[in-house]
Amino acid sequence: MSLVMHRLVGAIALRRDAFLWMLFNDRATGDALLLVAVTQVVVWLGLGVPGGLDGFVRSLFGGAWLWIIVSGIAWAVARYFLDGDGSYAPVMRVTGFAFPTRIVLILVGFLEIPWQAGLILGNLWFLLVIAAGVAVVMEIPRRKAAAAAAAGFGGYLVIELVFGGLY
């Protein structure tokens, strides 16, 4: 577990070596899944256990949905529109390791900062980590990787708006 935490700290600090590890280590996919689940549980608890057991299940599925959709769209945009070279799995790993940045969403409540600031800060940090990772694992410039990350998150938001929350 200490290796996962070491790589997590490296990823949220935007260090290239953490993303290279994700590119070449298949085990990182399971670690990313664990980080997504733990993040969703922490956020759910931090928000005061909304919805009881149903809210808990919805939180886990919502996190998985976000993880899969953002990763898939970011990968597809980087691969097919921005001349990236790489497979879906490393982008999925990067997105999973970016997930703990979303804990900022609840931390601002403890600091008595408006929740909107936490929402913006958490999502920007989430996108920065994804962009830095996509640049490494897809071998594209950071500007293109940022566009792919933004397309992934924007695509997720559009899908959620159109279909009214699928999870």
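At what angle do the axes of helix α3 and helix α5 cross? I started my notebook with that.

**Entry 1: ground rules**

I am working on a predicted model, in which local features need pLDDT of at least 70, side-chain atom pairs count only at pLDDT 80 or more, and totals for chains, interfaces and linings use all residues. Residues are numbered from 1 along each chain as its sequence is written, and side-chain values use heavy atoms, with hydrogens and water left out. Helices are DSSP runs (H or I, at least four residues), numbered from the N terminus.

**Entry 2: α3 against α5**

I looked up α3 (residues 28–46) and α5 (residues 88–98). Their axes cross at roughly 35° and come within 8 Å. The axes are lines fitted to C-alpha atoms over the stretch in contact, and angles run from 0 to 180 degrees between N-to-C directions. The crossing of α3 past α5 is left-handed, meaning that the near helix is turned anticlockwise from the far one by less than a right angle.

I then listed the contact residues (contact means heavy atoms within 4.5 Å). From α3 come Ala 28, Thr 29, Asp 31, Ala 32, Leu 35 and Val 36; from α5 come Met 92, Arg 93, Gly 96 and Phe 97. Six of the residues in this contact are nonpolar, two polar and two charged. In this scheme Ala, Val, Leu, Ile, Met, Phe, Trp, Tyr, Cys and Pro are nonpolar, Asp, Glu, Lys and Arg are charged, and the others, Gly among them, are polar.

**Entry 3: Leu 35**

I stayed on helix α3, where Leu 35 sits. Is Leu 35 buried or exposed? Leu 35 counts as buried, at 8% relative accessibility. The cut-offs are under 20% relative accessible area for buried, over 50% for exposed, and partly exposed in between (1.4 Å probe, protein chains only). Neighbours within four places in sequence aside, Leu 35 contacts Val 4, Leu 8, Gly 96, Phe 97 and Pro 100. I also checked Leu 35 against Phe 19: they are 16 residues apart along the chain, with 15 Å between C-alpha atoms.

**Entry 4: the two sides of α2**

Next I took α2 (residues 16–24). Its buried residues include Ala 18, Phe 19, Trp 21 and Met 22. Down the axis of α2, the buried residues fall within an arc of 155°, so they line one face of the helix. That arc is taken over the directions from the helix axis to the C-beta atoms. On the face turned away from the buried side of α2, I found exposed Arg 16 and Phe 24. The buried residues of α2 pack against α1, α3, α5 and α7 (115–137).

Arg 7 is in helix α1 (residues 2–12). At 17% relative accessibility, Arg 7 counts as buried. Apart from neighbours within four places in sequence, Arg 7 is in contact with Asp 17, Ala 18, Trp 21 and Phe 97.

**Entry 5: the core**

Which residues have the most contacts inside the largest nonpolar core? I noted Phe 19, Met 22, Phe 97, Val 134 and Met 138, in a core of 43 residues. Two or more residues each come from α1, α2, α3, α4 (52–80), α5, α7 and α8 (142–163). α7 gives the most, with ten residues. A core here is a set of buried Ala, Val, Leu, Ile, Met, Phe, Trp, Tyr and Cys residues joined through side-chain atoms within 4.5 Å.

Phe 19 touches Ala 11, Leu 14, Val 94, Val 129, Ala 132, Gly 133, Val 136 and Val 137, not counting residues up to four places away in sequence.

**Entry 6: loops**

Leu 14 lies between α1 and α2. Its phi is positive, about 65°, although Leu 14 is not a glycine. Leu 14 is partly exposed, at 27% relative accessible area.

Glu 139 is in the loop between α7 and α8. Its phi is also positive, near 55°. Glu 139 is exposed, with 58% relative accessible area.

Thr 101 is in the loop between α5 and α6. Thr 101 counts as buried, at 1% relative accessibility. Beyond four places in sequence, Thr 101 contacts Ile 12, Gly 122, Trp 125, Phe 126 and Val 129.
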